[in-house]
Amino acid sequence: MLKEWAKFKGFSAKNLPKEEPFAPGHRACQGCGEVLALRLALKALGMNVIAISATGCMEIISSPFPYTSWRVPWLHVAFENAAAVASGVEAALRALKRKGRFPRNRRVDVVAFAGDGGTADIGLQALSGALERGHDLVYICLDNEAYMNTGVQRSGCTPYGAMTTTSPPGKKSIGQMTWKKNVPAIAAAHGIPYVATATPAFFLDLMNKVKKAALVEGPAYVHIYSPCPTGWGTKGEDSITLAKLAVETRIFPLYEVIEGKYYITRKITKPKPVEEYLKRQRRFRHLTEEEIRKIQARVDAEYERLLRLAECL
Amino acid sequence: MGKRIAKEVSIAIAEAVKQCRVDVIAAYPITPQTHIVEHLSELVANGELDAEYITVESEHSAISACLGSVATGARTFTSTSSQGLALMHEILFIAPALRLPVVMVVANRALSAPISIWNDHGDIMAERDIGWIQTFAENGQEAVDLVYHAFRVAEDRRVMFPAIVNIDGFTLSHMIEPIELPDQEQVDRYLPPFRPRYKLDPRKPLTMGPVGIPEIYTEAKKAQDEAFKNAYRVILKAWDEFEEVFGRRYRPVETYRMEDAEVALLIMGSLAETAMTAVDRMREAGKKVGLVRLRLWRPFPLRDFVKAVKGLKVLAVIDRALSPGATGGPVGTEVRSALYQVPGRPRVVNFIAGLGGRDVTVEDFEEMADRAYVYMKKKPKEPYEMIGVKE
């Protein structure tokens, strides 16, 4: 427990905020898990927010001029610099408050949103800089595991074996040949006070983590798994099921890193086989049993590693 | 009125930025801009300047942070050179399109390769079309004065465009010159607090940086272009008021001994002082040579420029940048284009000189003026020539 959370009772089904900082009527695909994660995150944050978006699905679906889904102040500059832009906003607020040009006691949470490409690949440097400098901001990675906005190209967060338009399976390839980049661990390595993973399937957990991230003084990083029916070849109505399965198979474990300490927030004692998760998605359809075994072994090993991190501290 | 004392130009610029009461600075070190940002860090560290200094991890993040800062309503400054400016390239276009008035000093330096830390205008000429107000300083005093002017104009509600003050790397940035820094009271009189009409504030939410679908993109760009052209009047007015407050007069186009000139050299930046000496010498030798210097590069001061070169027979444009395989250097092509519709226009000859820190001497300028005389009678074979190339 951090002292900043002392007054935060936590969200439950009974005390959900009424405000919807992200308005409906946007142009996301049916069953988009990312826009759901975005909406829930903003709901947790409330109206006293300045939001910065990287270029990507959420930016284009929310802001085709003259329409906007943003009921909070929102700035989009470019693809790789959400963390840097947010740094500038945060520094400006600090200066203006100190100089009496912005109400000193008014709490404003600065939050940056970016996809997995904007975070793990092109935006990693800007993110690292912002985390290292200690800005008081929340960075939320909405991870749908590929460049969906440009037509499903692989990113550093695309999982092993997945078919994308730039990691197509073929005679000489099984699809994505590399394992998913562990961005939460990279964020945690900066020694920031708070890192968490979340999925919209466990929406209260997601909202609580985002709120805790905002309450923390200094930088906080939340990595949100966001199902993408269009890019993954899944049914729109399956998004929540998949998000749940990702956790239950231990493919996407839910945890927090509080001041360097790992805490598993949803322990999976009887994991489901990864096959249950993989077989529902067209992007994994080509995988052989051998490849699936390989993925299972990797998931088991990674979860063991996570358990050790959580236990030994 | 402040005292006139010897100061390194970079230090004086930092002092001027301080006098402008900036709220946020985001900068990344690159030679020869470093002394400006080092001194600003010192001023912040000592508590002499109440500002946030963001020690970003790249120039790309420097300009990105600046945009976030201005959008939140803070007066914001950055400075860079060469590769750093090139790394900012992508974001530079976004600042004026979102009407975010950042002020930046560029200590002009050659672009790689070969890697060179020395002065030319290759870095800024690659950013010609970014839509920022761009001025070029001739000396330290002017550099400082252009900083006050840049904030004043950029943040004017009729303008709201970012501005770059160009100073020649080393040949200006690292020189110690007598510079008069005005009193704080004068600066405060000239530069009102930054109060943008639109900013990021939860009390009044707005969407900044939306998608421009084909139905509105052209209109958005047209609006930007019109507003940018209209900034010209404010730029001139701000120089008029500058004269009232500080006593020094600036115009977009500077002329020297142009009364009866038949040949003129045209240049931007600190080399103009050397060129003036060459003009004096040639005048003594009975040649009717003058000098034109563009202080304002963007928006291009078309009318004032055309007026300045009226009656000339040959205009020798000296470019400090190369546009490989083009019909001239960036300034040369611009000037030719500006004069094309002008009846009785002078012949424009174009020289590329002073690349990557190469000295351009008084003799070089005399040679260029001499060649201009030759071209009075016969057309040059090539659209541009490079000066001082060792055979």
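This is a predicted model: local features need pLDDT of at least 70, side-chain atom pairs count only at pLDDT 80 or more; totals for chains, interfaces and linings use all residues.
Residues are numbered from 1 along each chain as its sequence is written, and chains are lettered from A and ligands numbered from 1 in the order in which they are written.

Let me start with chain B as a whole, whose secondary structure comes to 13 helices and 16 strands, where helices (H or I, at least four residues) and strands (E, at least two) are DSSP runs numbered from the N terminus. Its C-alpha atoms fill a box of roughly 70 × 55 × 45 Å along the principal axes. For 391 residues a compact globule would have a radius of gyration near 21 Å, and chain B agrees with that, having 21 Å; the radius is taken over C-alpha atoms, and the rule is 2.2 Å times the number of residues to the power 0.38.

Within chain B there is an open sheet of six strands in the order β10-β12-β11-β14-β15-β16, with mixed pairing, and two strands count as paired if DSSP finds at least two bridges between them. At the edges stand β10 (253-256) and β16 (385-386) of chain B, each with a single partner strand, so one side of each is left without a neighbour in the sheet. Further in, β11 (residues 263-267) and β12 (residues 289-294) of chain B pair in the parallel sense over five bridges, and L266(B) has V292(B) in β12(B) as its bridge partner.

Which strands does α13(B) touch as it packs on the sheet? They are β11, β12, β14 (314-319) and β15 (347-352) of chain B, and the direction of α13(B) makes about 140° with that of β14(B). Helix α10(B), for its part, lies across β10, β11 and β12 of chain B, running at about 165° to β12(B).

These two helices also meet each other: the axes of α10 (residues 272-284) and α13 (residues 362-377) of chain B come within 8 Å and cross at roughly 60°. That makes α10(B) oblique to α13(B), given that angles under 35 degrees count as roughly parallel, over 145 as roughly antiparallel, 65 to 115 as roughly perpendicular and the rest as oblique. Axes here are lines fitted to C-alpha atoms, for helices over the stretch in contact, with angles from 0 to 180 degrees between N-to-C directions.

Turning to the interface, the contact takes 39 residues from chain B and 40 residues from chain A, with residues in contact if their C-beta atoms, placed from the backbone, lie within 7 Å. On the side of chain B that touches chain A, α3(B) gives the most, with nine residues. Two bridges join β2 (residues 74-76) of chain A to β9(B), and these strands run parallel; there, W74(A) stands opposite T207(B).

Lastly, the backbone details. Most residues other than glycine have a negative phi, and most peptide bonds are trans. The peptide bond from F65(A) to P66(A), however, is cis, with omega near 10°, and P66(A) sits in the loop between α2 (57-62) and β2 of chain A. In chain B, the bond from T31(B) to P32(B) is cis as well, with omega near 0°, and P32(B) lies in the loop between β2 and α2 (34-45) of chain B. Finally, E259(A) is not a glycine, yet has a positive phi of about 45°.

Notes. Two residues are in contact if their C-beta atoms, placed from the backbone, lie within 7 Å.
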